[in-house]
Amino acid sequence: MCGILAVFGCVDCSQAKRARIIELSRRLRHRGPDWSGLHSEEDCYLAHQRLAIVDPASGDQPLYNEDKSIIVTVNGEIYNHKALREQLKSHTFNTGSDCEVIAHLYEEYGEDFVHMLDGMFSFVLLDKRDKSYIAARDAIGITPLYIGWGLDGSVWFASEMKALSDDCEQFMSFLPGHIYSSKNGGLRRWYNPTWYSERVPSTPYDPLVLRNAFEKAVVKRLMTDVPFGVLLSGGLDSSLVAAVASRHLIDSEAYCQWGSQLHTFCVGLKGSPDLVAAREVADYLKTRHHEFYFTVQEGIDAIEEVIYHIETYDVTTIRASTPMFLMSRKIKSLGVKMVLSGEGSDEIFGGYLYFHKAPNKEEFHEETCRKIKALHLYDCLRANKSTSAWGLEARVPFLDKEFIDVAMSIDPKWKMIQRDVGRIEKWVLRNAFDDDEKPYLPKHILYRQKEQFSDGVGYSWIDGLKDHANKQVTDSMLANANFVYPENTPVTKEAYYYRTIFEKFFPKNAARLTVPGGPSVACSTAKAVEWDASWSKNLDPSGRAALGVHEAAYKDTK
């Protein structure tokens, strides 16, 4: 992951302003410690902090077309850049960077090219010929991007809120799957898949089609010129990523540089469910496995730094981000710069335990659509910012555009949980990789119950967080929370504790509004809380809050 900052329409174009842009760009250096670049053009600035993954030697940014009339700063990876170069044979490329195709595609097709990109990306592009500019974010919002407005009429774009919050009067999260055009004045959606309408699909389930689509998604993400590995919790999603990557590694370009043994990484409290399961999967796949441990106190000590980096006060996200943040630091210390991760599967297949209570296939499907649309505020934010805090890039094959199209076209009756016929959560995915002749995983791993990351690292982690928050927040503080925090009022002491830390770093109201709110149980949307009356008494984002579903569920509080 890289860090980008771009500003257009500044009234002050002095040397002092340039120095200020450089200063703000440095707030993103953790995302891109390998190189810093800045292009200034009258009242426009495009800054970049680079994490070099593809073409480390010559791919420094900003990037340009042949005559440097088009300048682009990009955060992300374009997996189909070689195929796109074939369509741009009349153009001369200056680097081997996968992101350079963006400048040439714009030159060739104008603004209507973003749908051609297969990857994860946020970019800002300046066209010097007419002083117009565009900004765009990938389909699901895997990479972060914010947009802001200054009192002087300037428009700002940044990978993280901390780079623009001080200098903008208003700012917000840039919507996934959208493009901003200075010519057309505002945002419009470029990503328009069939599932976005939430209409219930009817395509019959074909396990081989689903399997092939996922294998393709994993293989394309093995594009790298640096050491890499897989985040392996031992659950279904990360285990499938590791199994497919391990199986196809020998045929990839990465094999020529880094060998055939895949590196895998896991974090947890000693004796946690994830550590045990991950070790078993790693032994089965014969990976080079690395276990990292943390204590509850070490996690608590890191909370302030975690909230500064992930820029949210959402309880679930902070709980899960902290162990991921600690693990990322350890991984980077080994010289690894890129990892594959399993985010997105639960949203696509209804993997969260509360989906057991979905009343029908229509509501099941609508909830999966709502969950995917909100990923940029939760799991994508966590996976990206927790890792990039240490200059580590996370790639997420489950959120591949083509794979999502295949998975979301399946008639949701096949995704519904039906215990009486042996269909647990994510059965369609498990069944697709249930191959007796050439097994991807052992059966009991393939059919292991869902654990949310913050639970799987050790149940005492969440309990420890709650205990710590209870000592920091008094009953009186919580009783008056609606006066202190009228927007998204915290309803637990844990939520109040996180909110106070967030407000210290990001005190503006615009920052508060970038974080979603509303009731949730076991990571549900507010709408899905209606599926079970008992959940309204037990609103906690842990998977154990799915009363009557999780094997280690909290006791019902009637």
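Ser97 is buried, its relative accessible area being 3%. This value, like every other in this report, comes from a predicted model. Ser97 belongs to the loop that runs between helix 2 (81–87) and helix 3 (101–109). When neighbours within four places in sequence are set aside, the contacts of Ser97 are Asp55, Gly59, Leu63, His81 and Arg85.

A second residue, Ala243, lies in helix 5 (residues 236–248). Ala243 has a relative accessibility of 4%; because the cut-off for buried is under 20%, Ala243 counts as buried.

| Residue | Location | Relative accessibility |
|---|---|---|
| Ser97 | loop between helix 2 and helix 3 | 3% |
| Ala243 | helix 5 | 4% |

The report now turns to the sheet. Strands of a sheet pair through backbone hydrogen bonds, in either a parallel or an antiparallel manner. Here, 5 strands make up an open sheet with parallel pairing, in the order 15-14-13-16-17. Strand 15 and strand 17 (393–395) are the edge strands; each has a single partner strand, so one side of each lacks a neighbour in the sheet. On average, and with direction ignored, neighbouring strands of this sheet are turned by 30° against each other. The pairing of strand 16 (residues 338–340) with strand 17 is parallel and extends over 3 bridges. Within this part of the sheet, Leu340 has Arg395 of strand 17 as its bridge partner.

The second largest pocket remains to be described. Its volume is about 210 Å³. The lining of this pocket comprises 13 residues, of which Glu298, Leu326, Met327, Arg329 and Lys330 are the closest to its centre. Two or more lining residues come from each of strand 15 (288–293), helix 8 (296–310) and helix 9 (315–333). Which element gives the most to the lining of the second largest pocket? Helix 9 does, with 5 residues. By class, the lining consists of 9 nonpolar and 4 charged residues, with no polar residues.

Note on methods: Residues numbered from 1 in each chain as written. Predicted model: local features only at pLDDT ≥ 70, side-chain atom pairs only at ≥ 80, totals over all residues. Heavy atoms only, no water. Buried < 20%, exposed > 50% of the residue type's maximum accessible area, 1.4 Å probe, protein only. 1 Å grid on protein atoms, 1.4 Å probe; cavity = no way out; pocket = protein on both sides within 12 Å on 5 of 7 lines; lining within 4 Å. Points joined across faces, edges and corners; volume = space filled by probe spheres on them. Nonpolar A, V, L, I, M, F, W, Y, C, P; charged D, E, K, R; others polar. Contact = heavy atoms within 4.5 Å. Pairing = 2+ DSSP bridges. Axes fitted to C-alpha atoms, helices over the stretch in contact; angles between N-to-C directions.
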